[in-house]
Amino acid sequence: MASDPNDRALLISPAYDISAYGSAESLGLRSVAATLLRESAEVCVVDECPGEVPAGVAKFAASARLIGVGVLFTRQVPAALELISTLRAVAPAAHLILGGQGVQFLWQRVLQDSSALDSVCLYEGDDTVRDLWRCLRAGRSFNTIPGLAYRNGGQITADPRSPVEDLDALPFPYRRAGTGVYRDGVATMSTSRGCMAHCTFCQSGNYGNRYHRLPRWRSRSAKNVVAEVAELIREHDVTAISFVDDDFFGGDAQGHERAYEIARLLRGLPRRIRFSIECRINELDADLLLTLRAAGLRRVLIGIEAANDADLALFAKKTTNAQAERAISLLRRLEIDFTIGFIMFQPQSSLGGVRENLDFLYRLRLGTYRRIANRLELYPGAPLNGYFRRRGVALRESAYRVDYDFTDASVAVLRRSFLDVLEPYTHVERRCQTALFRCITTDQIEQAGRLKQIAKDISEALVDHAIRCWERVASGAEPDMDPDMRSAVTRRVQVLGGAIN
Ligand code: B12
Ligand code: SF4
């Protein structure tokens, strides 16, 4: 710990909707904190800071040389700017920097909107924050540091820097040791950066390799990854890890070899951890999955996103329904739990396209309320914005969010009825998923099997009602006005809820 109180750095992020998404550590903030720790800074990390800044945090901020505010999602930007004004009031002399994926493509706007901010970090923060810290300590100007956007006279200067090539050279994210069991024994880890695919709706392809024009996915070595896992077990009593990489496998043979090596090294650890990964559907391979399962793999997140040709082409997924079906039957056969990304609606959705999506979800028993109601999230700077504007979609920007109307009015009626009529299913889904998660993480195999069957029954009933809504809208009626439909949903939800007990 540094002796000079001026060598303090506060890394903080505003709260998000934790009730809907669950709480997690902020790896971005913690990665930047680890870099500063290497520079002998005294760091304090506050993930998910509530609206009112706690007194202890404000006191630390008042003596900090650097305050870094992180925004992972663009939705968080207004809350981040409020937090920045509060912190500026208590720390008039600190350098205040904003960073994280949620603020990418927006640095100009936030610097114009918040005079409390000194700079915005472009893309990856590791080396940029290190250099900024060195400048601040030496009393030098930060204007020569690549990777920063800042006010320069009446202009805003933004000077990107190349991304980190050697990820093994970075320190592990800062997690204060000695605090007992870490977050219920669950940690998150990032083992790679960027994604080989360039799906148009996704920030990762832009933020990572696409923006930097890098030909490949960058990854940490298997040895380095498992060294962090070992540290998490040793220092923090961690039992489960969620790997948050955009694509754990990296889309090539080298990435697959790395996964095999990670599995081999994990098996050599004193504790078998359970873990989850995220990857593309066309990369799932039975032998590799079995090897990972033996090393503790319990859950896979795959992005299917759509099941009709128009949306798959719009999103540039470069995958097919047949590949998606194969991936799902493989995961089911190997008894590996999975979850899928799915975007039911986009501004130009057609009733026909939504019906194809619903039929797919029904056939595979994959429907959930969130998937059925989900609509494409656009944020300022997203590559699809220009595409939609050119096709006459009216996009409205407010509070750093992009909103839109569906070009087909009947699609708007359909989505509204999904939100309204199907809402009672959310309660039974949540209960079933909570019970299932508990069984999976405690290896209660038989009970988990029973709950998985109930989850399939819930899905079947939910999509069945969604299809009935669709049929009514297609015939010109409004399903949310239909009392019979509502009572049918209530009855079905009651029966399903009874089965969970
Ligand atoms: C984990 C995760 C979540 C977790 C977050 C938990 C948490 N507290 O961290 C949960 C599940 C809650 C979540 C939810 C959502 N997510 Co999410 N999520 C991710 C994911 C997979 C990993 C983030 C991560 O830890 N990365 C690893 C770290 C090391 O990288 P990093 O954060 O980029 O940090 C680096 C730099 O950004 C920078 N940096 C970061 N912070 C700071 C701070 C400072 C001060 C500085 C200087 C620099 C800096 O330096 C770091 C090191 O180089 C990313 C995709 C990805 N692979 O990154 C999507 C991602 C962030 N999510 C995204 C989205 C859209 C969502 C949802 C809106 C999805 C939805 N429709 O429901 C929700 C929003 C929740 C809400 N209520 O608002 C988008 C954000 C797009 C955007 N511009 O808004 C991403 C980028 C996915 C994507 N491919 O598009 N998500
Ligand atoms: S495969 Fe996933 S992470 Fe990669 S660009 Fe597409 S949606 Fe984003």
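User: Which residue in strand 16 is the bridge partner of Glu-397?

Analyst: In strand 16, Glu-397 has Val-402 as its bridge partner. Strands (E, at least two residues) and helices (H or I, at least four) are DSSP runs numbered from the N terminus. The model is predicted: local features need pLDDT of at least 70 and side-chain atom pairs count only at pLDDT 80 or more, whereas totals for chains, interfaces and linings use all residues. Residues are numbered from 1 along each chain as its sequence is written, and chains are lettered from A and ligands numbered from 1 in the order in which they are written.

User: How many bridges join strand 15 and strand 16, and in which sense do they pair?

Analyst: Two strands pair if DSSP finds at least two bridges between them. Strand 15 (residues 395-398) and strand 16 (residues 401-404) have four, in the antiparallel sense. Their hairpin has two residues between the strands, and Ala-399 takes a positive phi near 50° there.

User: What is the strand order in the open sheet of seven strands?

Analyst: The order is 2-1-3-4-5-6-7, with mixed pairing. Strand 2 (42-49) and strand 7 (155-159) are the edge strands, each pairing on one side only. From one strand to the next, the twist averages 20°. Strand 1 (residues 8-14) and strand 3 (residues 66-70) run parallel, joined by four bridges; Leu-10 has Ile-67 of strand 3 as its bridge partner.

User: At what angle does helix 2 run to strand 2?

Analyst: Axes are lines fitted to C-alpha atoms, for helices over the stretch in contact, and angles run from 0 to 180 degrees between N-to-C directions. Helix 2 (residues 27-38) lies across strand 1, strand 2 and strand 3, at about 175° to strand 2. Helix 4 (residues 77-90) runs at about 170° to strand 4 (95-99).

User: Why does Tyr-150 count as partly exposed?

Analyst: A residue is buried if 20 or more other C-beta atoms, placed from the backbone, lie within 10 Å of its own, exposed if 12 or fewer, and partly exposed in between. Tyr-150 counts as partly exposed because it has 19 C-beta neighbours inside 10 Å. Tyr-150 is found in strand 6 (residues 148-152). Contact requires C-beta atoms within 7 Å; beyond four places in sequence, Tyr-150 contacts Asp-118, Ser-119, Asn-143 and Thr-157.

User: Which residues touch the most other members of the largest nonpolar core?

Analyst: A nonpolar core is a set of buried Ala, Val, Leu, Ile, Met, Phe, Trp, Tyr and Cys residues joined through C-beta atoms within 7 Å. Of 87 residues here, those are Ile-241, Leu-414, Leu-422, Ile-458, Leu-462 and Ala-466. Helix 18 (residues 445-474) gives the largest share, 11 residues.

Conventions: Two residues are in contact if their C-beta atoms, placed from the backbone, lie within 7 Å.
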